[in-house]
Structure formats: C-alpha cells, structure tokens
Amino acid sequence: MSPFAMLEKRVVGVCDWAKCQNGLRRPCIMAKLAVYALGGNALQSPTTEAGSSAEVLAKVMSDVIDLLEMDWRVVITHGNGPQVGHLLAMDEGGTHALDEWVAATQGIIGHQLSTHLQAILHRRRRPERTAVLLTRVVVDENDPGFSWPTKPVGPVLDATTVMSADWDIAETIHGPRRVVASPSPMTVIELDVIRQLVDLQAVVICGGGGAVPVALNDGIMRGIEAVVDKDLFSSTLAVELDAHALIISTEADAIYRNFGQKNATPLHELAVSEAKAMDAEGEFPKGSMGPKVKALCDFAERSSDGRAILCSPGNVLQALRGDGGTVVVK
C-alpha cells in the first residue's frame, strides 16, 4: 500500500459511538487528522511590511478549508517569534516573564486565526467551529537549550541596537535578531483536551509559540522563561495525537539542497537518513530550517503511517498529492 493510500483509509473508533436516525448505535467513523504548523514569520515577517501577512493568512485559511473539504480534522499550531519579540521590546521594565508573553501571543494570534477561519466556516455552512486553547508543554530545566540560546524573536535589528542591546543576538537568514533559550518539548499538558475538542469537530488552534514552557516538580507547575520551537512542539503533539500527517507550512516551498546558492535543488522526497546527513553538513540553519527538518524527521520515525510534509501556505493539496513541497520518509 502506498503512503498516500494509507492516508486515505479511515479508522473505526472502538469507544466512540453515534446514533443513527433509527436509534441504532453504530461505530463512529473518525476522519484523518492533520497537525498544520504555521510559522510566526509567515504571519508577521521580521523584514517586510504588514501587507504581506494578509495574503499569507488567506492562503493558510485556504489550506485549512481544503483539508476540511477532504474530510480531514485539523489542529493548527503557530509560531510567535516576531510577535513575542515585539511584546518583549515594549516591556522595557520587565513587568512580565517571557513565558507569560508566550501565553499572551497565543491569545493574540489565536484570536486572529479563529476570527478569520470562523467567518469562512460560517459562509460555507460547514459544521466545524474553532477553539483556541491556551497550551502548555513540559520541558527539562537542565535542557542544554538554556545554555545556548538559538530561537530568534522580534524584528531584524539595526546596527545601533546590535551594539547597545544587552541581549543574546545571532545572525539569521534575515539578518541579526535577538535569540532566546529554546528547550525541547517533552509532554503536552492539554493533550486530552485537544483530543476531546477534535472529537467534537472543532478546528483546534493550540500550541502557540511552541506552547508555554513549564516545569513540573512534585505536581507543582511553574512557568519557564524560554520559547519552545513551534515545529518541534508540533511534531511532539502530532505523535501524541497519532495524527495522519504533520504539515509544516512555511515561507520556503520545499526543502532545498544548497539553499540560497545558484545550484539550489528542491527535494520533493527526502529520506530521514539523508536529511540527518545534510543537517550534519550544515545545510539547515539552526534558527530556521534546522528545527523544521528535525521535527519532520522525528515525526516520520515515530509515526506508524503518518506523512511528514513541508510546503508553503496555499499548497497543501499539491503537497499531499506529491506535486509540491517535500515529504520526509523513513
């Protein structure tokens, strides 16, 4: 059976039952589930004017509706790099911790996505409703990510800010940006709630900014000042939900070999072993494409029959058919 054919199969729920019109009970047919991960840079670029974000948002909505029309259930996750950096810059007095600002961006971006998507669902008379969920994820306080900040937040910095700001700053593909600690995600706190919302046919918007990082000690939860990578969180969530697909929607239309060079080549199918070898050779920058490739490899290895896909907004159908984007395979 081909990977695409495996995606098309439906799973009969053992515990979930629905009533037929004649009152008889029957097993409920559960649709395929996709975790659709949207980058924060796609909604608010660190370099371009705000006008481009409206076009990207329209393409994202088109992707989600296309998936729903194909009888997929959809969970949307999103990044927050530019947005959380903007909030940090405004909070000069440090009145809120970084994890609190991550929570704030979940509400801001979740509201934006939900409002647009709900209007489209209403116009199309679809049964789904949106649900925005504050989401937390457990991290290890001893994670090496705290010693080596790599997660870009905020806009590209000018030379004066680079010289004067008391921040960790790194060069990214867009230019110099502030970077913060980014530990690996371990366990999604709200996993059962997400499952129940999906069962209720909600389009769940969750895990904003990679979810709010927390530490658990003797059952006591405490916020951690960091930003978890959205793609690594999305992979963890997709595995725990047993999703049929992890779709990373980003500015790049595919994974490339020799990206940014004259001999750049798009790779429409990429084996996990080859992706890891390319990463070891420095093909994928750690603050941008590196975590995306790592997340796709992780899902491809840990999922039983799910597809790990990278594509640009508006091209999800082509990517599912194998006509665009990149599919990472075992």
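I began at Val-137, which stands opposite Pro-213 in β12. I then looked up the pairing itself, and strand β6 (residues 136-138) runs parallel to strand β12 (residues 212-217), with 3 bridges between them; two strands pair here if DSSP finds at least two bridges between them.

Before going on, I noted that this is a predicted model, in which local features need pLDDT of at least 70, side-chain atom pairs count only at pLDDT 80 or more, and totals for chains, interfaces and linings use all residues. Residues are numbered from 1 along each chain as its sequence is written, and side-chain values use heavy atoms, with hydrogens and water left out.

Next I placed β6 and β12 in their sheet, which is open, has 4 strands in the order β10-β6-β12-β13, and is mixed in its pairing. Its edge strands, β10 (187-188) and β13 (220-223), each pair on one side only.

I turned to strand β3 (residues 32-38) and asked how many of its residues are buried. I found that 7 of the 7 are, so β3 is largely enclosed by the rest of the structure; buried means under 20% relative accessible area, computed with a 1.4 Å probe on protein chains only. Lys-32, Ala-34, Tyr-36 and Leu-38 lie on one side of β3 and Leu-33, Val-35 and Ala-37 on the other, so that both faces are covered. In a regular strand the side chains alternate between the two faces of the sheet.

Looking for the partners of β3, I found that β3 and β4 run parallel and are joined by 7 bridges, with Tyr-36 opposite Ile-76 in β4. β3 also pairs in the parallel sense with strand β14 (residues 245-249) over 5 bridges, where Ala-245 is the bridge partner of Ala-34.

From strand β4 (residues 72-78) I followed 2 bridges to β11, which runs parallel to β4, and Val-75 has Val-204 as its bridge partner there. Strand β5 (residues 129-132) is likewise parallel to β11, over 4 bridges, and Ala-131 stands opposite Val-204. In β11 (residues 202-205), Ala-202 and Val-204 point one way and Val-203 and Ile-205 the other, and all are buried.

Last, I checked helix α5 (residues 98-123), whose 26 residues should span 38 Å at 1.5 Å a residue, and the end C-alpha atoms are 38 Å apart, which agrees; the expected span is 1.5 Å times one less than the number of residues. Arg-125, which follows α5, has a positive phi near 55 degrees.

Technical notes
Buried means under 20% relative accessible area, exposed over 50%, partly exposed in between (1.4 Å probe, protein chains only).
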